[in-house]
Amino acid sequence: MRFSNIAVMAVVARIMVPEEFGIFALAITVHAFVVSLAELGVASAVARSDLDIDKIAPTVSTIAIGTSLLLAAPMAFFAGDIAEALGNGAAASTIQIMSIAVALIGPFAVPGAILQRDFRQDLIFRATAVSFVAGSGALLGFGIAGWGADAFAWSRVIGQAVMGTMMLRAASRFYWPRFNKTVIAPLLGFGLPLALANLMSQVLLNVDNLFVGRLMGAADLGIYMLAFNISTWSTAVMGSMLNQVVLPGVSAVLRDGGDVPAAVAAAVRTVAWVAFPIAGFTFVFSGPIIEAVYGTQWTAGGPVLAVLSFYGISFILGLLCANVIIATGRTGVLFWVQAIALAGLLPALPAGIHFGGMIGAGVAHIVVISCITLPVYLVALRKATGTRIKGVFTSLVHPTLAAATAAVAAWAVTLPFTSAWLTVSIGGTVGATIYLGMTRKILVQVIPVQALWNKIAARKDHTGQTGVGDGAYITIIGSQSAAEARGK
């Protein structure tokens, strides 16, 4: 999905100009602020496997639908005033279109949370894939037709409507909106701090767009937005996975009295194993990546991307910590983490832009997330789960050394090349080979080889095409007999 998205954006980047990207960046910033409050954080309660879904889901549906509509209406009505306040009146129509996406949050909040609770990642992926095709088709069609920033907005709305409809049809249960007075207070006690924390998080993620747009202009904002999006490739690869799996997974470990610190350590190692080589790749090949994929008109974003690559790995680790803390029910902690980080970022951004332009904005982000956000998250994680900070850092050592070694080797090998495409392709191949070789033990732990063999064996036996004998069944499944294996 991520590679497909990169391919689509590579085409769009050659159709549109940086200024149109900048206008959409302003609209998506407003959308991010509003949508973080659209269901008041209560939908996450449905995803917790330690709560009674039948008791809370109807009330959650009522709250989500009501608040999303109440927030979407003023966003559409005051779109012109909002755009002027952000310094670019051309963003008004795009903001109005994005208000439709806000209104769509409510009806689909509970079905999405039910699929998350049930670990139906197959259905979520199917909905995501179909919505991606619909949204990307709309983006390319509207972009070619000259709709500019509005093409981005309509593609978001269309994709969200398709995905939400598919999740609504796929959810194992359906709940009509109703109010249960006994659960309102606990739901809001859980959800409001989470919603406010989400709002703070979106402010942290997007307030740089406001500063860059006002202080440097829409064209520079478009270049900065592209570089920032590339820097979060690791989040794009793993973000939805973490948001879907960690909350119900950790809540199940807590419910069953499992070893939460061990689960957190394994999760940190897995996230680092995926995110760190991506960060190393985008750091050493920042310029060639942008030139090869998006075109020469965006090359000014190369130095910004090199700096922001470090932000990407910090952000994905913070996202993991946040989901673990949500699973423990301590959502109020998230609000204070984001509030403290925002207090540091607001003065850092204008100072960074003043002294270093777009690169300065990136440096401001890195300083705040590394020196404020992550340390506070780790302290909160220790208090919530007993996870030792030393254990977290121990889980990071192996992926860090392997990613650094692979990045340096890939950079050295590609020094003679002048072609951006050759540099990226050969450097990526060399770096990936070295990295996978150095982390093969983690690879074996991450990929569920035994579970895959179990599925293959059971499927072959079920179809009557038994490719393995009874002895192999016993070896794969353990103490079960071949007959028991077939029965299951």
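Guide: Let's start with Thr-439, which counts as buried because its relative accessibility is 0%. (Buried means under 20% relative accessible area, exposed means over 50%, and partly exposed is what falls in between, using a 1.4 Å probe and protein chains only.) This is a predicted model, in which local features need pLDDT of at least 70 and side-chain atom pairs count only at pLDDT 80 or more, while totals for chains, interfaces and linings use all residues. Residues are numbered from 1 along each chain as its sequence is written, and side-chain values use heavy atoms, with hydrogens and water left out.

Back to the threonine. Thr-439 sits in the loop between helix 18 and helix 19, the latter covering 440-446. (Helices here are DSSP runs of H or I with at least four residues, strands are runs of E with at least two, and both are numbered from the N terminus.) Leaving out residues up to four places away in sequence, Thr-439 touches Trp-273, His-398 and Ala-402; contact means heavy atoms within 4.5 Å. Pro-399 is 40 residues from Thr-439 in sequence, yet their C-alpha atoms are 7.1 Å apart in space.

Lys-383 counts as exposed, since its relative accessibility is 60%. Leu-396 is 13 residues from Lys-383 along the sequence, and the C-alpha to C-alpha distance between them is 20 Å.

How far should you trust all this? pLDDT is the predictor's confidence in each residue, on a scale from 0 to 100. The protein chain has a mean pLDDT of 82, with 93% of its residues at 70 or more. Helix 18 (residues 420-438) has the highest confidence in the chain, at 93, whereas helix 21 (residues 470-477) has the lowest, at a mean of 31. Residues 465-488 have pLDDT below 50, and the model gives that stretch 27 contacts beyond near neighbours in sequence. Where pLDDT is low, the predicted coordinates should not be read in detail.

Now for helix 7 (residues 105-117), which holds Gln-116. Gln-116 counts as buried because its relative accessibility is 10%. With residues up to four places away in sequence set aside, Gln-116 touches Ala-47, Ile-124, Asn-243, Gln-244, Leu-247 and Pro-248. In the loop between helix 7 and helix 8 you'll find Phe-119. Phe-119 isn't a glycine, but it has a positive phi of about 55 degrees. Its relative accessibility is 40%, so Phe-119 counts as partly exposed.

The contact of helix 8 with helix 9 has 17 nonpolar, 6 polar and 1 charged residues. (Ala, Val, Leu, Ile, Met, Phe, Trp, Tyr, Cys and Pro count as nonpolar, Asp, Glu, Lys and Arg as charged, and the others, Gly among them, as polar.)

Next, helix 2 (residues 18-35), which packs on helix 6 (residues 92-103) at about 35 degrees, with the axes 9 Å apart. On the helix 2 side, the contact includes Ile-23, Phe-24 and Ala-27, and on the helix 6 side, Thr-94, Ile-95 and Met-98. By class, that contact has 10 nonpolar, 2 polar and no charged residues. Helix 6 also holds Ser-99, which is buried, with a relative accessible area of 5%. Ser-99 touches Ala-72, Met-75 and Ala-76, again not counting residues up to four places away in sequence.

Helix 2 also packs against helix 11 (residues 218-231), at an angle of about 80 degrees and with the axes 6 Å apart. Helix 2 and helix 11 are therefore roughly perpendicular. Among the residues making that contact are Pro-18, Glu-19 and Phe-21 of helix 2, and Ala-218, Ala-219 and Leu-221 of helix 11. The contact of helix 2 with helix 11 divides into 10 nonpolar, 2 polar and 1 charged.

Conventions:
Axes are lines fitted to C-alpha atoms, for helices over the stretch in contact, and angles run from 0 to 180 degrees between N-to-C directions. Angles under 35 degrees count as roughly parallel, over 145 as roughly antiparallel, 65 to 115 as roughly perpendicular and the rest as oblique.
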